[in-house]
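Hello,

Here is the structure I promised to pass on to you. Please open it beside this message, and my notes on what turned up follow below.

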Amino acid sequence: MRYPLKIFGLLLLVLQLSLISPFALAQVSSSVSLQLPAGPLGDVLDEYSRQAGITLSYEDNLVKEQVVPALVGQYPPSDALRILLAGSGLQAEPVAENTWVIQPEAEPADDLHTLAPILVQGAYSKADKVFQTPGSANVISQREIERFRGSSVGDIFQGTTGVLVGENRNSGGIDVNIRGMQGQGRVPVLVDGARQETTVYRGYAGVSSRSYIDPDLISDIEISKGPVMGVGGAGATGGVVSMRTIGVNDIVKPGEDWGIRLRGSAIGNSSSPPPAGTAAGLNGTGRTYRIDCAHPALCEGEHAFPDSFGSDEGMSRPSLLDMRSWAGSLAVAKRFETFDLVAAYSQRNQKSYYAGSDGPVPEIEYQYRELPFYTEVTALRDGVARFRGEERIVNSNNRSNTLLLKGNFYIGLEQTLELGYQRYDSEYGELMPSQLIWLDQIRQTSNSTVTADTYTSRYNWDPIDNDRINLDFNLWHTHTRSANRSYSDGIFGEGVSVDPDPERYDRFGLDLSNEMLLTGWGQHEVSYGITAQREEIDTEIPYDEAGNPAANEAFGRIGDRTELGAFFNWQWQPHQTLTLNSGIRYLNAKTDDHKLVVPQGTYQDLYDEDGNVVDNVYVESIFCVDDDGDGNCDAIRYRTDNSGSAPVFSVAWEPWLNGVQFYARYAEGMRMPSLFEATQGWSVTPALDVGLKPERTVNKEVGINVLKRGLLFNDDRMAVKLSRFRNHTDDYLTRTSPNTWEEGSELFVMRNIDSVTLHGTELTLEYDAGFAYSKLGGTKYHHIEVCHYGSYRRERCNDYGVANSYFNNMIPPEWHASTTLGTRLFDRRLDLGARVTFMGQRTPTPPFNDNTAQGFNRVVPWHDYRLVDVYASWQHGDSLTVDFNIDNLTDQYYLDALSLGLVPAPGRTARVGVTYKY
């Protein structure tokens, strides 16, 4: 524990030094040069605060829907504020040096008990900040979540440049892929600052890292790409997804102190899941049958030609407006004088959906061979999957219940404390890739279950008159309990069911950070902090009366992991046009596998005192050595202990101060071995003779940001981000085949391979003129490469994978893009639009010399596809909103990119949603 104590002591010393720093508070000159475009008042005030070097505080609702004209020239700060606020009904009150509070203009009030407004520190608009950041980022607003909710939770990310969701049609969980980085903490998903990601075994095809939340309870999502400084970026090599749950401002109307939000939606293209054991898809193909037999006995039994290769059950697709799936939520919020409370509950019942009809649907071709006494008929299936066009997809059902409780406590105007609790409870069908690829029949199985409890505590101290303190202290805990039934029903014989052992996963987190704004030789923003995480996993194995395990204890994982870290980041603006940034993060992580090291299926000799073999026994769960020479077998436990640091540098240059910014960024990230990777479990174990090392990622990026207002119209907005990135990860951790020269009988081995590299270009373009708007975004990969030196490799590097590696089905398509066009009519109450998503095919494997051919996880060859989604939204006053959508308008039959199994996505689906605020 010496390293954590030293780090903590160093950070306390830095904090003390910062409080006595010789830098003075910012001194605003008698006049400042301003170049403020026309636009929403809140955005203009934020830009004014940046250009003038002052601090503004205001309540978001005060500036909502107010637009101001451009302001250019030399002005004293107070005069500029007065001009900006003219006619708005607002005024600026000084509260400290270079600090103002925006409040409503004073009016005679009869009510002596009127509460003072709750002040929210002014910040850049989240949507605009994307185009003012020297790096790649995205923001998904609540309105976009409502507009494009889709059938699966992961559909809310569709259309986000560089972002995909792995295995989107399974379980209700999300597994985010950013520029090819996915799983095992490479892309942390934070829900109110807490991480609940759990790794779910997906058979020979791989694993899935799942996080759970209901879309109705999300306020907005911020996505950062590449290694990230800050408390949420520990271990992130691909990026960070930060979700904020709904708060009081999402529920209570402006000017009110309490409110209720009711939301309901109905979803079509689905029906109730069939009973467990029901078969689906085309089954029995790939075999040879007999017809025209000289004697009936020759065409009986296994040779009998089937009446049908698929049941008619599941082929009765409902009509477009026959909506049988649904979701609903109720949220209540109340403002008090010193605190506010939010309570929300949501239910979601997604029944089994139906595939589309237009695309590579499976078809059966027959090959005939005439013989003297019968004719052989071989039935061959073509197409990308076994499910038929417009067929109900078994195990695509998902039901969930989510409870959210939040409280914000305001300690004066400077301190806040947010306490939160979320419970997610779900049961769902499991689409097991192994069943879809290899087993004789696809069946509906018993539901899998998951319950996730998330506890959060977030404290902030931000003195309005002290720029050296903006302190955050967060404490969180997540508890997940899951039972993944996969395809256990009927695998080992008709009517035989193997119930899985429930898995318990606990995660504890703590982080402490501070931000300082200093002046002297330019403006400085310094942030630093410490982070800590503790993870524990346990498989709840039942025991019989004699105390012996009643299940195979080799299946589940039991272990713990501790990670400690610290970071320091310094941003310096020596001139208005130039911003420099540098930072460093230190991490130390230890894992401890509580199970004894087990080479599965190993026979060992037993020796007598003279060294003669007296017996040969099958060791099922214990491998041990006599380390101390006492004649007793000492168990081996697998442990790791890794540490290291990673720097970040960036430069941003805005030469003309007119919204055009050039940037370059160099960022390194380290990811320590995860708890899943460093513990034993079913089908994969760490290599016993080679210790696991941390992954090290280097991200290089150059780009240009453009943010303009008033380009063609007084209140329009144009935003552009164009970037070129090069990501290279050394010692990438993944599953592989054992090398022929290695000892042991493991089927798979977890190890560090040489490297993974992805280079690409990314574009985001937005234009909004009020009455019409458009958005275009896309990612093109110029170079994809995975390198590994090992057995069964014909070439050290290729662009499609390694035998048995999880990375094989995390490789993004060579390109993907989306475009949205919309218009607002009738005083912007009616919003109409369409989105088109373009998805390229995955990198193909060669027909010969395939380096993944020795593996069990077959590469999923999804094809390119085009999806059209249309939407309409009607806003009636400030209380009622009605949304109508048709997803996949052209009824495409396709496999989602990054799908682990051969699972067609939903076909044409209609949705209607109603939101009412009171």
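Strands E26 and E27, the latter covering residues 375-382, pair in the antiparallel sense over eight bridges. At one point along them, Glu370 stands opposite Thr375 of E27. Please keep in mind as you look around that this is a predicted model.

Those strands belong to an open sheet of three, with the order E22-E27-E26 and antiparallel pairing. Which strands stand at the edges? They are E22 (288-291) and E26 (363-370); each has a single partner strand, so one side of each is left without a neighbour in the sheet. From one strand to the next, the twist averages 30°.

Further along the chain there is more pairing to look at. Strand E44 (residues 695-709) and strand E45 (residues 717-736) run antiparallel and are joined by 14 bridges. Here Glu701 has Phe725 of E45 opposite it. E45 is also joined to strand E46 (residues 749-768), again in an antiparallel arrangement, by 19 bridges.

Now to the inside. In soluble globular proteins, nonpolar side chains tend to be buried together. In this model, the largest nonpolar core has 27 residues, and those with the most contacts inside it are Phe387, Ile393, Tyr893 and Leu895. Helix H7 (433-437) and strand E51 (865-876) each supply at least two residues of that core. Another core, of 22 residues, lies apart from it, and includes Tyr48, Ala52, Val68 and Ile102.

There is something nonpolar on the outside as well. Trp258, Leu262, Leu330, Val332, Tyr916 and Tyr918 form a nonpolar patch on the surface, and together they have about 560 Å² of accessible area. Two elements give two or more residues to this patch: strand E19 (258-267) and strand E23 (325-335).

Leu330 sits in strand E23. Why does Leu330 count as partly exposed? Its relative accessibility is 40%, and partly exposed is the range between buried, under 20%, and exposed, over 50%.

I hope this helps you find your way around.

Best wishes

Conventions:
Residues numbered from 1 in each chain as written. Predicted model: local features only at pLDDT ≥ 70, side-chain atom pairs only at ≥ 80, totals over all residues. Heavy atoms only, no water. Core = buried A, V, L, I, M, F, W, Y, C linked by side-chain atoms within 4.5 Å. Buried < 20%, exposed > 50% of the residue type's maximum accessible area, 1.4 Å probe, protein only. Helix = DSSP H or I, 4+ residues; strand = E, 2+ residues; numbered from the N terminus. Pairing = 2+ DSSP bridges. Axes fitted to C-alpha atoms, helices over the stretch in contact; angles between N-to-C directions. Patch = residues over 30% accessible without salt bridge, like charges linked within 9 Å, V, L, I, M, F, W, Y side chains within 5 Å. Areas by Shrake-Rupley, 256 points an atom, 1.4 Å probe, with all protein chains shown as cover. Salt bridge = Lys/Arg side-chain N within 4 Å of Asp/Glu carboxyl O.
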